[in-house]
Amino acid sequence: MATPEWMMEATTPFSSVLVANRGEIAVRVLRAVRECGLRGVAVYNDLDSNSMHLNFADEKIRLPGEDLASTYLSMDAILDAARASGADAIHPGYGFLSERSEFADRVTQSGLVWIGPSADAIRTMGDKIRAREAMVDASVPVIPGKSIEVSGDEDPLPQLAAAAAEVGYPLLLKASAGGGGKGMRMVEEPKRLRAEYDAASREATAAFGDGTVYVERLLRRARHIEIQVFADRHRNVIHLNERDCSLQRRHQKVIEEAPSPAVDPSLRSLMGEAAVQAARAVDYEGAGTVEFLLSDKGEFYFLEMNTRLQVEHPVTELITGLDLVHMQLSVAAGLPLPVKQSEVGISGHAMEARLYAEDPSTGFLPSIGPIARFDTPDGPGIRVDTGVRTGDEVTTAFDPMLAKVIVHAPDRASAIRRLDQALSQIILHGVRSNIGFCREMLVSDSFSGPGVTTDHLDDMDPPPRPEEPLKGILSVIASAAERLGLHRAAVTRDSSIVDQHTGHPGDPFRTLSRNFP
Amino acid sequence: MDWKIDGDDKTWSVRLRSEKNNLFVDRLQAEDTEVNQDFSISYDESRGSIIIESLGRVYRAEATKVGDAWWISLGGKTHIVRERNQDSTSSDMGEGGLTAPMPGTVREVLVKTGQRVREGQPMMILEAMKMEHQISAPEPGEVSSIYFKEGDRVDMGEILISIATQDSSKSPGPD
C-alpha cells in the first residue's frame, strides 16, 4: 500500500502500521489506522487466534505461544512480525511494551517508525525517582517523598522506617517500576510498614521485575486530575484539558470524566501550563498524560507522566472533538500538530465507565467464564470501545477489562444520567461484572453532587440483594426460558452467532434455534 | 421447575402452561407459600427478549443459560437463577472449607494446622492476575487442614484450608 496523500509532506512517512497489542485498544487503533488510509497489521498469540481485534486488520501475524512473555511482551517476536508483514511503523497501544524504552529504541534501530515518545522520555518518566528530579528541575510541583534502594538480602526496614518518618504518615509505598495500582500499598501507621512493604515488593516483582520502593506522603481527600498533552517534532506542545479520574477502587480507575467538576478555567490553565512544562522537560513527542493530585486546598502535585495513549483517552476526544490516535499517527510521521492551544476548546461533558469482569460480591475478584451474551448499548452520545463479543471467553490470561462505555452530553448531570442509562442497557451473561457497582457510584449523592475524592470507593457499602417481588418474576423467566428452548441457543467461542465480518454480537440477521411452545 | 436465585435462600417452584403463542403461569410458589399473581409470557425473537406481563406491568428480560444457571438481565440488573438440584450438598463454607475464588498461586500461608483463628483473620495470600487476594477466616475456629503450600498452583473452587468451628457438627447442611 502506498503512503496516503495526507502524509506526502511528512519527514518520516509510513504506510503500514503494526499494532503490538490486543483487546479494545488494538481494535481502537486498527480502526484509526484504516481511517487514515493506512494498512493495519494485527498480532495474536495462541490464546487469541479468534479474537475480535483480528477482524479490524488487513493482515494478522501469529506470535507462537500462550504466555505473554514470549508473545505480546516479546520485543523479538513483535519485531519479527513487523518484518514478516512489511509493516513500517509500530503502535504499542497501552500496557505491554508501550512504556519500555528499550523497545522504542529497538523499533527505531530497526528502521521502523515508533508511534510514541523517544526512548529517553520513556526512560526518564518510567523511573519515578528520575521523573521527580526532572520535574523539580522544571519547576513542576511534586509531593513530599523519598526513594529507597533495596539491596539484595539486607533488611530494608530501618531505612524504610527512617524515610517514612521523614515523609509522614499516612503514606504510600510504591514500587519504582510499578503502575496501575500494582506494587502500591497504603500504610496508615508505623506498625503496618513491614507487612505492606512485603506485599508491595512481591507484587512489583511479579508484575515488573523490579523491587525498588518509593515512599510518598498520602494526600487524603485529594482528586486525581490528569492533563492530556500532545507534542510534535516542531517544538509545539499543547494540552487538551484535564480528565478527572478520582473515582478509583484500590487505585484502579473506575469512572473518568472531562472536564473535572473541581477545575475552573484559571486552575485549568495553571495545570495545563505545568503539564506542558513537564512534557518539554523530557523533549516529549506524541500523546502523553501528566497526572496530578489536586488537594482540597487547590494545590496540585505531579504524580507521574504516562508516556502512551491512556485507557481513558476517549473522554478527551469527546469534549475536544479531536481524534488522538489520528494525531499520534500524524505526529509520528513528522507532521506538525493540527491545532494550536488557542483552538482547543471544551464542548459539553464526557464520562467513561470501565467495564471489568469482576465480582463486587466477592470483593471484586476477577470473574472468568464464557461471554455467553454481550449486547452493548447504543444511542445518541454513546460510544463503546470493546475488544470482546458474544462467544468469547474471559480467562486469567489477559486483563479483565471488557469494554469502556463513554458518553457525551451537554453538562455533567446529563452525562451521569446518560451513562447510567447506557450501563443499564448492557446485557452481559456468563461472567460477573462491575456494571451494577458503577451505576450505584454514578447515582450516589457524593458523586452526583460535587464529585468525589480518590478515597470514595473505599468508603462504600456492598451492593444490595434482589428485592422480594422480583424473585418470583425471575423464577418465572427462568422457567419460560427453559420452555422456549433458549438454552439450546447457548454460544461458544466458535459459534457462528457472532458475525465474523463485523464482530458485532447483536447482528440483526442472526436467528436463535429454539422450540416455541 | 424449581429454582434458587443467587443471594436468596428460598426455593421457587414454577409450573407453566402454554396457550397459543403465549405462556402462562399455572402456579408459583416460594417454598410452601403460593404466590397468587397472573403472568403472561411472550418472546421477542428479534431482540432475544422475554416479555412478561403481570399486574399491569411489562417486564423485558434477556436470559442465557450458562452451565445449569440462567443469567437474566431484568430492569438493568443481572441475576443468576439456578436449577435447584435435589441432591446438592451444602456449600464448602458450611463445612468449614475455604475455596480458591479463582485460579492462581499461593503466595503465603499465614497460619499453621491446629492454630486458633478469629473471624476475619488473614490465613493465606493468593496471587491471581498479578493481584494479591487475602483468604480470611469466615468465623472463629481452629485450622484443621492446610491443603497447599507456598508456590502451589490452585484451581478455582479447590479447598485451600479447613477450619473446625465450635459448633461445626451443627453447621448448616443440606435441607
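What percentage of the contacts in chain A between residues at least 6 apart in sequence join residues at least 24 apart? Let's work through this predicted model together.

**Exercise 1. Describe chain A as a whole.**

Step 1: Begin with the contacts. Of those between residues at least 6 apart in sequence, 66% join residues at least 24 apart.
Step 2: Turn to the secondary structure, which comes to 14 helices and 23 strands in chain A.
Step 3: Finish with burial: chain A has 517 residues, and 53% of them are buried.

**Exercise 2. Find where two cis peptide bonds of chain A lie.**

Step 1: Look at the bond from A:Tyr169 to A:Pro170, which is cis with omega near -10°. A:Pro170 sits in the loop between α6 (157–167) and β7 (171–179) of chain A.
Step 2: Now go to the bond from A:Ala258 to A:Pro259, also cis, with omega near -5°. Here A:Pro259 belongs to the loop between β12 (252–258) and α8 (265–281) of chain A.

**Exercise 3. Decide whether A:Arg235 is buried or exposed.**

Step 1: Locate A:Arg235 in the loop between β10 (223–231) and β11 (237–249) of chain A.
Step 2: Check its backbone: phi is near 65°, a positive value in a residue other than glycine.
Step 3: Count the neighbours. A:Arg235 has 9 other C-beta atoms within 10 Å, and a residue with 12 or fewer is exposed, so A:Arg235 is exposed.

**Exercise 4. Trace the partners of β11 in chain B.**

Step 1: Strand β11 (residues 104–109) pairs with β16 (residues 153–154) in the antiparallel sense over two bridges. In this pairing, B:Thr105 has B:Arg153 as its bridge partner.
Step 2: β11(B) also pairs with β13 (residues 122–128) of chain B, antiparallel over four bridges. There, B:Val106 stands opposite B:Leu126.

Definitions and conventions. Residues are numbered from 1 along each chain as its sequence is written. Chains are lettered from A and ligands numbered from 1 in the order in which they are written. This is a predicted model: local features need pLDDT of at least 70, side-chain atom pairs count only at pLDDT 80 or more; totals for chains, interfaces and linings use all residues. Two strands pair if DSSP finds at least two bridges between them. A residue is buried if 20 or more other C-beta atoms lie within 10 Å of its own, exposed if 12 or fewer, and partly exposed in between; C-beta atoms are placed from the backbone. Two residues are in contact if their C-beta atoms, placed from the backbone, lie within 7 Å.
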